[in-house]
Amino acid sequence: MKKSIEVGHIYAPHYVQTKEEIRHTATVGRLAHSLTRTGDTIVTLVDDVVPRNEQRKSQDSWRWQMFINRTHESVEKTLGSKVAFESTMEVMARKISEQLATVDLPEGVRWNEKRNKLIFGSGKSKQSVSIAGYSDIHDRTYPSCEVLELGWIEERLKDSEVIINILPQEFLDQQKRVELLAGLLPQFKDKQISTVLTNEAGDEMSIYHWESLTTLPKSTRQKQPHPDIP
């Protein structure tokens, strides 16, 4: 089964240059390659949402493009991976937002009054997930980070059966929120998605499997080269 492996989430404009960053990217790169087989894709996501928004408003759009290009070149140089830009997921993410607005919600899931967040559960277990609204973007209908991430995953599923995200451990809560949204939509049912969580040095700490998406018993799932990837 073909895999799409994300090896980082870089915020533009940024240039990977410190010794710690270079060591981190090298360690993550080795981890990613240990998971790959022929035909698999390794890609880095560059979060360029805010710079792209500023670029559209600026009279010096070339200057913003220069910053974004610098980030692109830095990622290619240090990680040697393909590069994708989060701003290009806006159209896909808006379609997902529209889909979420019309889907039949299961018991225990409801919209907030403004209908820009979905609330899962109640009491101490209550989890709120933003659907619209992005920090530093004035357009209140702009897809949230979680919906953009879901659009990014759907885009990768077009030519891959397995999605693996290699991310710092502080991304775990965000990944769980994206999983909650994915569980509401039929196109993500029974998809194999896992998040490999790393420490500051880039070493693997743990693996989080998006188990809520699958109805398949583990015995029927395709074996992967990593012992902890289902």
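Residues are numbered from 1 along each chain as its sequence is written. Because the model is predicted, local features need pLDDT of at least 70, side-chain atom pairs count only at pLDDT 80 or more, totals for chains, interfaces and linings use all residues, and side-chain values use heavy atoms, with hydrogens and water left out.

**The helix pair**

Let's start with α4 and α5, whose axes come within 8 Å and cross at roughly 110 degrees. Axes here are lines fitted to C-alpha atoms, for helices over the stretch in contact, and angles run from 0 to 180 degrees between N-to-C directions. The two helices are therefore roughly perpendicular to each other (65 to 115 degrees). On the α4 side, Glu-90, Met-92, Ala-93, Ile-96 and Ser-97 take part, meeting α5 residues that include Val-147, Leu-148 and Glu-154; contact means heavy atoms within 4.5 Å.

**The sheet**

Three strands form an open, antiparallel sheet in the order β4-β5-β6, where pairing needs at least two DSSP bridges between two strands. At the edges lie β4 and β6, each pairing on one side only. Neighbouring strands are turned by 25 degrees against each other on average, direction ignored. β4 and β5 share three bridges, and Trp-111 has Leu-118 in β5 as its bridge partner. Helix α6 packs on this sheet, touching β5 and β6, and its direction makes about 80 degrees with that of β6.

Helices (H or I, at least four residues) and strands (E, at least two) are DSSP runs, numbered from the N terminus.

| Element | Residues |
|---|---|
| Helix α4 | residues 90-102 |
| Helix α5 | residues 145-156 |
| Strand β5 | residues 117-120 |
| Helix α6 | residues 172-182 |

Definitions and conventions:
Angles under 35 degrees count as roughly parallel, over 145 as roughly antiparallel, 65 to 115 as roughly perpendicular and the rest as oblique.
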